[in-house]
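Visitor: Please pick one part of this protein and take me through it closely. I want to know what surrounds it.

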Amino acid sequence: MEFKKPYILSVGAIKPRKGYALTLSAFMEIAEEFPALSYVIVGRGKLEAPERVSVLSDLAREDLQGLYENAALFLLAPQNIDGDVEGFGLVFLEAAKVGLPVIVTRGTGADDAVQNGVTGFLVDSNPCAIAEAMRRVLRNPALRSKMSEQSKLFAKTMSWDVQVSKY
């Protein structure tokens, strides 16, 4: 499965704690500035998708892998809502493994999955902060390339073998 590049990728069930209301607002904020950019969300559930946003579910593993490999960046804005919290999240490591810069909201279990300013950005939980982080990555190919390399290195340090030996 392939989408016209460039696109932003999010992967996770469609529910309030995943923060899609925030990421969609942020995407719409930058959409005019990046007219070729689209947004691909992979997750089960219902979501009203504006123009240039695709919502997919039940993908084969190889299709999902292809989406990761061809995205410009990975975005998720987890929220802590009434005790429903985001854990560490393997999707962040899946994105890092293929070299995607990752943008994620701070104050959730995802904080440990991103090295702020190195592999991506930890941002405040609002559309303006998310949009600004997306702009920084998308406008600056050198930064995106550096974060890509650092993401791959970070993912290697988080492998099962490395973590088991640390334990």
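Guide: Val91, Phe92, Leu93, Ala95 and Ala96 of α3 are buried, meaning under 20% relative accessible area with a 1.4 Å probe and protein chains only; over 50% is exposed, and in between is partly exposed. This is a predicted model, in which local features need pLDDT of at least 70, side-chain atom pairs count only at pLDDT 80 or more, and totals for chains, interfaces and linings use all residues. Residues are numbered from 1 along each chain as its sequence is written, and side-chain values use heavy atoms, with hydrogens and water left out.

Helices (H or I, at least four residues) and strands (E, at least two) are DSSP runs, numbered from the N terminus. The buried residues of α3 pack against β1 (7-11), α2 (61-70), β4 (73-76), β5 and α5. Contact here means heavy atoms within 4.5 Å. After α3 comes Gly99, with a positive phi near 90 degrees.

Take α5 next. The axes of α3 (residues 90-97) and α5 (residues 141-157) come within 7 Å and cross at roughly 125 degrees. Axes are lines fitted to C-alpha atoms, for helices over the stretch in contact, and angles run from 0 to 180 degrees between N-to-C directions. The two helices are therefore oblique: under 35 degrees is roughly parallel, over 145 roughly antiparallel, 65 to 115 roughly perpendicular, and the rest oblique. On the α3 side, Leu93, Ala96 and Lys97 make the contact; on the α5 side, Ser151, Lys152, Phe154 and Ala155 do. By class, that is four nonpolar, one polar and two charged residues. Ala, Val, Leu, Ile, Met, Phe, Trp, Tyr, Cys and Pro count as nonpolar, Asp, Glu, Lys and Arg as charged, and the others, Gly among them, as polar.

α5 also holds Lys146. At 57% relative accessibility, Lys146 is exposed. Its C-alpha atom is 8.1 Å from that of Thr119, 27 residues away along the chain.

Now β5 (residues 102-105), which contains Thr105. Thr105 is buried, at 1% relative accessibility. A polar atom of its side chain lies 2.7 Å from the backbone oxygen of Pro78. Leaving out residues up to four places away in sequence, Thr105 touches Leu76, Ala77, Pro78, Gln79, Asp111, Val123, Asp124, Ser125 and Ile130.

Key:
A polar contact is a pair of N or O atoms within 3.5 Å; within protein, one must be able to donate a hydrogen and the other to accept it, and residues adjacent in sequence count only if both atoms are side-chain atoms.
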